[in-house]
Amino acid sequence: MQNGKWNETVGDYWPGDEYVDWVGMSLYFNIAADDGSEKVSWIEFSKSHGFTDPVRKAKTVCDFAAAHKKPVVVTEGGSDKNGASGEAAAAALTAKMFSTLNMVYPQVKAVLLFDRSIKEAGTTRDFSMQSSGTYQKAILEATKNNPALISSSEKTAAEWIPAEAFSERADEVTIGATGYTYWDNELTVTYSFAGKTQKTSASPNLFTIKAADIKAGRNDLTVTFTGKKGFKLTKTYVVRRSASGAITISSGVYPFTDLNLAKWCVPYVEAAYDTGLVKGVSATKYGTKNDLQIAQAVTLAARIYAEANGEEAPSSKGSPWYKPAYDYCVEKGIIDPALLPMSRLTEKCTRFEMVEILDKAIPASRWDDSVKIADGYIPDLRLSDEHGELVYRWYRAGIVGGDNTHRFNGGKLITRAEVAKILCTINRLM
């Protein structure tokens with residue numbers, strides 16, 4: 001459910017797994033073509049929050065369906081072309097729905113396009129495919145290039161799977177990638193493999209590796225995402241071909257062997273690690289279930305502040321290792337040494353202490369009231385309580401949301417896995 005009442009979820013309407021065979025979803029992603037200042041403001045808002053991107057907009061329903069092991073059908077969908085001025089955007093977005101949606105969410109098994117013009121409130125809204133050569137061409141090209149879609153029942157569809165789940169004999173392997181940031185619905189993706197570099201600029205950003213180019217031993221594949229505001233994220237994989245000819249792809253960046261202890265946190269740890277926000281407790285262990293130390297929270301605050309202000313984060317080569325980060329945070333006014341002396345940094349960190357330490361490191365632009373909640377929404381904390389104003393600000397900025405009952409549990413310790421998710425939310429990596 002993309003547009004529902006506050007605190008309303010898909011689960012509120014779920015009758016039970018035994019009553020459901022398919023999950024149906026309407027998927028519309030319109031961009032207004034009006035050049036008036038109010039509509040331009042809405043365009044910027046919608047781009048930033050994913051209302052114009054079919055893949056981002058489908059996330060809630062697709063994730064819910066996957067959790068209940070149900071296939072998904074887009075029962076109707078598309079983009080209003082809004083006349084000639086919106087046709088290019090409509091073509092690109094609808095092509096993305098057909099090229100990328102079932103790559104990111106393999107549980108999507110069928111897509112139906114709304115193919116007609118309608119009059120609504122005195123305005124003609126044009127969703128028709130046949131009336132526009134450009135729109136139709138983009139859709140047909142996207143469906144043709146998606147191996148997981150078929151145009152007739154006589155054909156057999158392929159299936160998108162995560163790269164690290166692939167292990168097959170094949171003459172070639174086709175890889176697709178897509179991503180977004182707070183500012184981008186599309187990222188430029190650059191692949192580098194076996195001396196070949198290829199840059200793509202539209203989902204699904206396909207890249208083909210030929211078996212003949214895979215040498216014995218380790219073959220590095222790098223996938224670099226770039227976007228606005230200087231965003232850059234590189235993922236590295238290792239491609240191998242066994243003696244039997246089976247091709248496998250595995251992570252080449254993450255050295256941690258303990259992420260399987262809490263699989264939900266894997267994408268958050270990976271994203272935070274890629275951007276340099278977190279490190280492991282050792283060369284091969286992230287410390288998924290380890291409690292956060294105050295020293296680690298101070299180090300994270302230094303990294304967040306440095307990243308937001310274009311500065312170099314302090315090293316961890318001091319004596320003790322956290323002293324450079326501590327001194328940096330004191331210098332920048334992130335922490336008050338009178339309230340948090342360095343002698344306390346070896347202690348474990350409560351959730352209250354974590355928000356206190358990180359709060360002043362977060363850039364002002366991140367404190368938008370995107371989540372409207374009233375006093376009392378957090379059952380174990382009132383706005384007037386100690387830490388109340390601080391924690392409510394974090395909830396209203398969408399950085400934290402508490403447990404299943406919205407409790408913050410401020411006096412409890414926090415794990416490094418939970419911290420990785422919070423860091424990704426702060427930096428809008430996920």
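Reader: Between which two strands is the loop in which N205 is found?

Author: N205 is found in the loop between strand 9 and strand 10, strands being DSSP runs of E of at least two residues and helices runs of H or I of at least four, numbered from the N terminus. The model is predicted, so that local features need pLDDT of at least 70 and side-chain atom pairs pLDDT 80 or more, while totals for chains, interfaces and linings use all residues. Residues are numbered from 1 along each chain as its sequence is written, and side-chain values use heavy atoms, without hydrogens and water.

Reader: Why is N205 called buried?

Author: Buried means under 20% relative accessible area, exposed over 50%, and partly exposed in between (1.4 Å probe, protein chains only). N205 has a relative accessible area of 2% and is therefore buried. Its phi is near 50°, a positive value in a residue other than glycine.

Reader: What peptide bond is found from S203 to P204, and what is its omega?

Author: That bond is cis, with omega near 10°. P204 also has its place in the loop between strand 9 and strand 10. A cis peptide bond likewise joins S319 and P320, with omega about -5°; P320 lies in the loop between helix 7 and helix 8. Most peptide bonds are trans, and most residues other than glycine have a negative phi.

Reader: Does K69 count as buried or exposed?

Author: K69 has 75% relative accessibility and therefore counts as exposed. K69 is found in the loop between helix 3 and strand 2, and has a positive phi of about 55° although it is not a glycine.

Reader: How do you know that V73 and E87 count as buried?

Author: V73 has 17% relative accessibility and so counts as buried; E87, at 18%, therefore counts as buried too. V73 lies in strand 2, whereas E87 is found in helix 4. E87 and Y135 are 48 residues apart in sequence and 6.8 Å apart in space, C-alpha to C-alpha.

Reader: What makes helix 11 largely enclosed by the rest of the structure?

Author: Eight of the eleven residues of helix 11 (residues 416–426) are buried, so the helix is largely enclosed. Among the buried residues are R416, V419, L423 and I426. Just after helix 11, R428 takes a positive phi of about 55°.

Reader: Why is helix 7 called roughly parallel to helix 11?

Author: Axes are lines fitted to C-alpha atoms, for helices over the stretch in contact, and angles run from 0 to 180 degrees between N-to-C directions. Angles under 35 degrees count as roughly parallel, over 145 as roughly antiparallel, 65 to 115 as roughly perpendicular and the rest as oblique. The axes of helix 7 (residues 294–308) and helix 11 come within 12 Å and cross at roughly 15°. That makes helix 7 roughly parallel to helix 11.

Reader: How does helix 9 stand to helix 7, roughly parallel or roughly antiparallel?

Author: The axes of helix 7 and helix 9 (residues 351–359) come within 8 Å and cross at roughly 30°. Helix 7 is therefore roughly parallel to helix 9.

Reader: What is the handedness of the crossing of helix 7 and helix 9?

Author: The crossing of helix 7 and helix 9 is right-handed. A crossing is right-handed if the near helix is turned clockwise from the far one by less than a right angle, and left-handed if anticlockwise. Helix 7 passes helix 11 in a right-handed crossing as well.
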